[in-house]
Amino acid sequence: MRGMGRDWHPDCFTCAACHKRIKKKFAEHKGVPFHENCLIKTNAPRCQICNKPMAKTFIQDAWDNQYCADHQKRLVKCQSCGRLISEALTRGGVEHRGGPSICNLCHPTAILDSKQASQLTRSVCAFLSKLNLDIDPTTIPLTLVNNKTLRKASKNRRDEVRGLCRTRTTMQGKKVMDHRPEEILILKGLPKEHFCMVAVHEFTHAWIAWHKVRGLSKRDEEGLCCLMEFLWLREQKTPMAKFRLKQLNDSKDPIYGKGLTQAKAALKQHGLPTILSSIRTEKRLPRIGLLGKFLT
């Protein structure tokens, strides 16, 4: 038999794993022959969920976990960190009634009641106040809600919606008499850090509404809110904050991703006070010159 550039007696050309004769197809690895299936079983990387050898195509998540692609069809993703909820990766998880599915790595800090939410809200608003976005959290009701309620309120069927700032506008004819934040809704069961990130975003929307800023483009408004998320996450210095910063920075969304890119460029070129002034008076992010474009 001819194989690996040499001639062999049939009984000598054997698999290095099972030691049985190789009759037709074979694979070479480190200078020795294998049955193709034996090579996969003995040398392929192991799935971190089922521990079986993985085929050439497999999934690697943001946390460097590797697993068979089929697991994505039958396992649920954690609605906070994105890991597949399983005993092997996350020690299982919790599905809140009508709420998010959260893995057991994230669940220990889940925000489940209004008292917890209120304490964190004060912390969030103190952070925003340091950046000259003054807003009194006691003037805006914050309610923890389930997925269905949040999607219905936001008129958005996407699973990824996590919060919403509802506003109320009072008109007299065509004249706007009043425009203010009415209520903030946040998904019940998010872990502490995720809750705070969403709260930063939604209270920035509330700040915009309190200052009766109307006519601001959706991209500029979401860009400012994402910029506040970015600044808050940058202070946390945790693996989860690093993960979420990467998600923000890598977003290709034409509203959120592009908005953040423009807001970060404006921050580098003009500074935050100029951004906030432009939002209030010009109803837009400040213009970005060549320097700002170079810095993005």
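Hi everyone. Before we start, this is a predicted model, so to speak about local features we need pLDDT of at least 70, and side-chain atom pairs count only at pLDDT 80 or more, while totals for chains, interfaces and linings use all residues. Residues are numbered from 1 along each chain as its sequence is written, and side-chain values use heavy atoms, with hydrogens and water left out.

Let's begin with the whole chain. It holds eleven helices and eleven strands; these are DSSP runs numbered from the N terminus, with helices being H or I of at least four residues and strands E of at least two. How spread out is the protein chain? Its radius of gyration is 27 Å, well over the 19 Å that the globule rule gives for 296 residues, so the chain is more spread out than a compact globule. That radius is taken over C-alpha atoms, and the rule is 2.2 Å times the number of residues to the power 0.38. Along the principal axes, the C-alpha atoms fill a box of roughly 95 × 50 × 35 Å.

Of the 296 residues, 43% count as buried. Buried means under 20% relative accessible area, exposed means over 50%, and partly exposed is in between, using a 1.4 Å probe and protein chains only.

Now please find helix α10, residues 272-281. Which of its residues are buried? They are Leu 272, Ile 275, Leu 276, Ser 278 and Ile 279. Looking down the axis of α10, these fall within an arc of 160 degrees, so they line one face of the helix; the arc is that of the directions from the helix axis to the C-beta atoms. Here is a handy reminder: an α-helix has 3.6 residues a turn, so residues three or four places apart point the same way.

What does that buried side pack against? The partners are α6 (192-210), α7 (218-234) and α9 (256-270), where contact means heavy atoms within 4.5 Å. The face turned away from the buried side carries the exposed residues Pro 273 and Thr 281.

Just after α10 comes Lys 283, in the loop between α10 and α11 (290-295). Lys 283 has a positive phi of about 60 degrees although it is not a glycine. Lys 237 also has a positive phi of about 60 degrees without being a glycine, and it is found in the loop between α7 and α8 (239-250).

Are these lysines exposed or partly exposed? Lys 237 is exposed, with a relative accessible area of 72%, whereas Lys 283, at 29%, counts as partly exposed.
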